[in-house]
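Here is a short briefing to read alongside the model. Take a look at the structure first, and then we can walk through it together.

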Amino acid sequence: MSAHIPILAIAVPLLGGFAVPLLAKLHKGLRDAWALLVVLFVGACVGYVAVHVFTQGLWVYVLGARHPQETLAPGGFPIRIMLVVDGMSAFMGVIAGLLALVAFPFALRFLPEEEGKSLALTLGLLLLAGILGMAYTGDLFNFFVFLEVTSIAACALIGFRTWTSRAPEAAFKTMLLYSLSGLLFLLAVAFLYGEYGALNLAYLARELRGTFVDRLALGLFLAALLMKAAAAPVHFWAPDAYGEVPAAKALLLVVNTQVSLYGLWRVLFTLYGGLWDAGVGWLVVALGLLTMVVAAFMALVQTDLGRLVAYGAVSQIGYMMLGVGVGLVSLAGRPEYGLVALKGGVFHMLNDALTVGLLFLCVGAVEWTKGTRDLRELGGLGHGLPEVALCFLLAGLALAGLPPLNGFASKILIYQGSFRLSPILTAVAVLASILLLAVFARAFQGAFLGPKAEVPNRVPGVFLLSMAVLAVGLLVLGLVPGFFLEGVVTPAAEALWRGRALYLAAVLGG
Amino acid sequence: MKETLTLTTGQGFWSALIWAAAALATLLLAGLLWWRGRREYKRGTEQELPFLSGERAENPGVGALHLYWGLTEALRPVLERLRSWHSGVINDYAGWFVVILGIVLLLVLV
């Protein structure tokens with residue numbers, strides 16, 4: 001049984017999601033219990049996989065073989081579908097599992113029955129399955145399939161509130177851009193398949209020679225994944241999407257964006273190795289800086305709390321890109337500062353998931369109690385909702401990178417790593433953080449401070465529990481960062497930095 | 001234990017506990033100064049009202065949109081340009097995608 005856990009982590013939410021509307025026909029409580037059970041199971045699976053990978057190394061799982069470790073078909077060719085979970089994949093799986101465990105209990109209470117709760121839960125589980133599929137697969141075509149699964153589920157969730165005008169519009173824009181992104185990704189896969197006759201990532205990584213077609217495919221991969229990861233200037237869909245999706249499901253959308261970034265790292269570090277020149281790394285760095293600054297400026301002028309947090313979330317993508325981009329630029333010489341920045345970028349993925357997740361839950365709680373997210377109508381909620389105010393304050397300060405919270409721990413690594421490459425990079429990143437501090441001070445003041453406001457609805461206990469889990473998480477990550485850096489982040493960063501040979505050897509032998 | 005609490009950055013280290021100790025010491029110092037301060041202040045009296053040119057303000061609350069007015073006014077040209085990029089028109093967004101695709105292809109092919 002335990003040998004099949006990687007595939008169960010994907011298959012159970014995929015099939016379990018479709019069972020949700022059927023169970024809802026029998027009893028609503030049964031449906032809710034089932035959804036929770038599926039998410040708990042997925043959480044246990046990704047935890048098990050992570051512990052296994054971090055302690056024993058890479059985990060390869062082959063479908064359709066007599067034995068799950070039989071990677072090569074007769075003839076020595078890796079033709080079967082396979083999952084290859086290294087440190088980075090396991091890390092991504094942990095982020096997805098953690099946010100799902102927090103988001104689903106919140107969603108069960110947050111989503112009104114009359115607004116199609118069953119379908120929202122189904123879409124959430126499908127999105128989770130797609131994210132884990134993207135993280136664990138070792139096959140480019142399957143990566144595309146899961147990319148499409150996430151795109152369809154995410155777009156349906158964004159346009160979920162069909163009775164509003166903005167949600168379907170946001171879903172339409174996102175769907176169009178996701179389709180463009182998906183088409184380019186598929187085209188790149190087709191180019192590589194045409195040239196090498198294979199779809200297996202490790203096999204292609206071994207065979208790539210840097211030909212014109214290889215580089216053309218790399219360009220298409222880059223453009224497609226940068227767009228899906230919401231890097232500026234192709235981030236425009238993200239604030240609309242994050243702002244319109246039901247708050248509880250915004251957490252999964254954050255992971256969906258991160259897993260696209262994961263795909264980008266997988267293509268650049270594992271598939272192409274060093275087959276690109278430093279210009280590609282510099283492009284990632286430049287777009288990272290642009291993303292953090294543009295999003296921070298745009299957050300400064302938002303009046304909708306949801307959109308403000310959405311821009312804050314987009315700006316954090318920039319920090320991840322800066323950290324990993326510095327790692328990419330310095331990959332050829334592998335200086336120590338490159339690994340430090342890379343660790344910072346990877347660590348920031350976990351911190352961003354917790355921090356932005358908590359902010360979206362706070363936005364959901366505010367919307368639940370007041371029925372609006374408009375900062376012009378909000379104010380004084382801190383008197384009636386002190387727990388939500390505290391969580392929002394903590395998350396806002398963490399997002400701005402203030403010590404001793406988790407955002408600072410990862411940003412200090414990014415700052416110090418990027419400083420060695422160029423102090424200008426660090427200066428811009430610090431400037432964006434200062435802007436974000438201003439943004440969240442303004443949002444906190446607007447929503448929670450001021451004369452006491454009426455709070456028509458109490459915040460349910462499960463909301464507070466979900467928020468408390470994330471708040472404690474970001475405090476612990478900030479206070480004992482070394483523990484997580486060594487135990488979880490370093491294996492993930494090392495999988496990108498030096499793990500390519502191990503990845504190839506695990507699949508192809510030798 | 002030390003490795004658990006400390007983050008080594010390659011050029012130095014960061015320890016949240018040392019920071020917390022320093023923050024506590026600063027708070028204690030601030031508390032000491034406050035304790036030695038003037039004692040005429042009384043809660044719930046007119047002393048708590050904001051002083052607005054000697055006028056009694058009916059609604060003295062400062063709204064969220066009033067914050068950073070100077071900063072946003074100074075940055076207005078930049079912010080207006082950024083707003084115009086976020087036009088909400090899908091054709092513009094697809095256009096930006098084509099621009100990025102062009103830049104990326106130029107970078108990897110040339």
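What pattern does chain B follow, read along the sequence? Chain B follows the pattern α-β-β-α-α-α-α, with helices being DSSP runs of H or I of at least four residues and strands being E runs of at least two, numbered from the N terminus. This is a predicted model, in which local features need pLDDT of at least 70, side-chain atom pairs count only at pLDDT 80 or more, and totals for chains, interfaces and linings use all residues. Residues are numbered from 1 along each chain as its sequence is written, while chains are lettered from A and ligands numbered from 1 in the order in which they are written.

**Chain B**

- Chain B has five helices and two strands.
- Of the 110 residues in chain B, 10% are buried (20 or more other C-beta atoms within 10 Å of the residue's own; exposed is 12 or fewer, partly exposed is in between, and C-beta atoms are placed from the backbone).

**Where the chains meet**

- In chain A, 53 residues are in contact with 35 residues of chain B (contact means C-beta atoms, placed from the backbone, within 7 Å).
- Several elements of chain A give two or more residues to this side, including α6 (166–196), α13 (336–370) and α17 (423–448).
- The element that gives the most to the side of chain A that touches chain B is α8(A), with eight residues.
- That side of chain A divides into 37 nonpolar, 10 polar and six charged residues (Ala, Val, Leu, Ile, Met, Phe, Trp, Tyr, Cys and Pro count as nonpolar, Asp, Glu, Lys and Arg as charged, and the others, Gly among them, as polar).

**The α8(A) and α5(B) pair**

- Helix α8 (residues 212–228) of chain A packs with helix α5 (residues 90–109) of chain B at an angle of about 145 degrees, with axes 9 Å apart (axes are lines fitted to C-alpha atoms over the stretch in contact, and angles run from 0 to 180 degrees between N-to-C directions).
- Among the residues that meet here are Leu222(A) and Leu226(A) in α8(A), and Leu101(B) and Val104(B) in α5(B).
- By class, this contact of α8(A) with α5(B) has 13 nonpolar, one polar and one charged residues.

**Two domains in chain A**

- The assignment, automatic or from a database, gives chain A domain 1 (1–274 + 504–510) and domain 2 (277–479).
- The C-alpha centres of domain 1 and domain 2 of chain A lie 23 Å apart.
- Across the boundary, 31 residues of domain 1 of chain A are in contact with 38 residues of domain 2 of chain A.
- On the domain 1 side, α10(A) gives the most, with 11 residues.
- This side of domain 1 divides into 25 nonpolar, five polar and one charged residues.

**The nonpolar core**

- The largest nonpolar core has 237 residues (a core is a set of buried Ala, Val, Leu, Ile, Met, Phe, Trp, Tyr and Cys residues joined through C-beta atoms within 7 Å).
- Those with the most contacts inside this core include Ile95(A), Leu226(A), Ala296(A) and Cys362(A).
- Helix α13(A) gives the most to this core, with 20 residues.
- Both domain 1 and domain 2 of chain A give residues to this core, so the core lies between them.
- Leaving aside neighbours within four places in sequence, Ala296(A) is in contact with Ser315(A), Ala432(A), Leu435(A), Leu436(A) and Val439(A).

**A closer look at Trp265(A)**

- Trp265(A) is found in helix α10 of chain A.
- Trp265(A) counts as buried because it has 26 C-beta neighbours inside 10 Å.
- Not counting residues up to four places away in sequence, Trp265(A) touches Met88(A), Val324(A) and Leu496(A).
- The C-alpha atoms of Trp265(A) and Ala492(A) are separated by 11 Å, with the two residues 227 apart along the chain.

Methods
Contact = placed C-beta atoms within 7 Å.
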